[in-house]
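I opened the notebook to record what I looked up in this structure. The entries below follow the order in which I consulted the model.

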Amino acid sequence: MDTSYFENVKTKEASLPERVADQISQLIIDQHLTSNDKLPNEFELATQLNVGRGTIREAVKLLVARNVLVIRRGKGTFIASHPGQVDDPLGFAYYPDQMQLAFDLMEIRLQLEPWVASAAAERATPENKKILREKCLLTEKDIMAGVDHLPHDMEFHVSIAQCTQNMVVPKLVPIITYSVGLFGSLTSNTLLSETVIDHRAIADAICGGDPKAAERAMRRHLEENRSELETIRLQLQSNQPQETVSNQRDMP
C-alpha cells in the first residue's frame, strides 16, 4: 500500500515544532545517541535545522513529554534511558477495578513471561547475566531489610526481558512492571520468602542456560502470584456481605 499520501497529509497538518521534534528524533536514531549522550544546544540545533531557537525549545518540550529527552538541571538536555517509553503508557492506573486488572495482567504474563524466560536462557550474554544476578540480589536485600523491594523486583523482570536480545520484548515491559507493583499493593507483599526462592530459581536457570528450567521457574512464580490474588479476592468477597449486613443493622 502506498503511504506517501498519508505521510504528506501528516506533514502538512503537523505544526513546525512537531516537525522539528520528528527531525530531532531522527537525528537521535541516525547518530545512535543513548542516555549517556547530550543533545546539541539550542543554537547548534537551530542552525542545523534552519529554524529559530524558540521552535527548538517547543520541539524539546514535546520530546520531553514523550519521554524521548530529559532535562538535567545545570547539565543540559540528554536522551532518555528508554526513549518513548513512559511509566504507564496504557493508562492502567485509570482502570476502576484494579483487582480485575491484576488478574487480566496475570493472564497476559502467564502467556508471555515463561517464553521470555526461556528465550533469556538461550540468548543472555555474560553482561546480561551479571546484571540479572545483581537485580536478584538487590531484591533479596530489600526483602531481608524489610524495605520496599518492588522497584528492584521490577528491575529484575526488566533485566530478564533485556536478556532475550529481542527489540520488541522490552517495549512490553510496562505490562510486567505495572503488574508487579499492582500485585504488591493488593497483596501487601505477602509472598516475600516465595519471591526470594522463585527469583533465585529463575536467575539460576537463565544464567545456567537452561530454557526449560527457566520457563518452569517463571510459570511457577506467576501461578503462585495468581493463587495469592485469588485468595485475597475470595476474602474480600466473603467480607462484603458481612459489611452490608452490619450497615443495615446500623440504619435507624
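Entry 1: conventions. I took helices (H or I, at least four residues) and strands (E, at least two) as DSSP runs, numbered from the N terminus. I worked with a predicted model, in which local features need pLDDT of at least 70, side-chain atom pairs count only at pLDDT 80 or more, and totals for chains, interfaces and linings use all residues. Residues are numbered from 1 along each chain as its sequence is written, and side-chain values use heavy atoms, with hydrogens and water left out.

Entry 2: Asn225. I located Asn225 in helix H10, which covers residues 211-250. I then listed its contacts (heavy atoms within 4.5 Å). With neighbours within four places in sequence set aside, Asn225 touches Met106, Phe183 and Leu191.

Entry 3: cysteines. I searched the whole structure for disulfides, a disulfide being a pair of cysteine sulfur atoms within 2.5 Å. The search returned zero. Cys136 takes part in no disulfide, and the cysteine sulfur nearest to it, that of Cys207, is 8.6 Å away. Cys163 is likewise in no disulfide; its nearest cysteine sulfur is that of Cys207, at 7.1 Å. I also checked burial: Cys136 is buried at 5% relative accessible area, and Cys163 is buried at 0%.

Entry 4: salt bridges. I counted a salt bridge wherever a side-chain nitrogen of Lys or Arg lies within 4 Å of a carboxyl oxygen of Asp or Glu. By this rule I recorded nine salt bridges.

I looked up Arg109 and Glu113, whose side chains form a salt bridge with an N to O distance of 2.4 Å. Both residues belong to helix H5 (residues 98-123) and are four residues apart, about one turn of the helix. Is Arg109 buried or exposed? Arg109 is buried, with a relative accessible area of 1%, and Glu113 is buried as well, at 3%.

I next noted the salt bridge between Glu155 and Lys135, with the closest N and O atoms 3.0 Å apart. Glu155 is in helix H7 (residues 150-163) and Lys135 is in helix H6 (residues 126-145), so the pair ties together parts that are 20 residues apart in sequence. Glu155 is partly exposed, with a relative accessible area of 33%.

I then turned to Arg200 and Glu140, which meet in a salt bridge at 2.7 Å, N to O. Arg200 is partly exposed at 42% relative accessible area, whereas Glu140 is buried at 11%.

I also recorded a network: salt bridges with shared partners join Glu42, Arg53 and Arg57.

Entry 5: Gly54. I found Gly54 in helix H4, residues 53-65. Its relative accessibility is 31%, so Gly54 counts as partly exposed. I looked up its separation from Glu42, which is 12 residues away along the chain: the two C-alpha atoms are separated by 8.6 Å.

How values were computed. Buried < 20%, exposed > 50% of the residue type's maximum accessible area, 1.4 Å probe, protein only.
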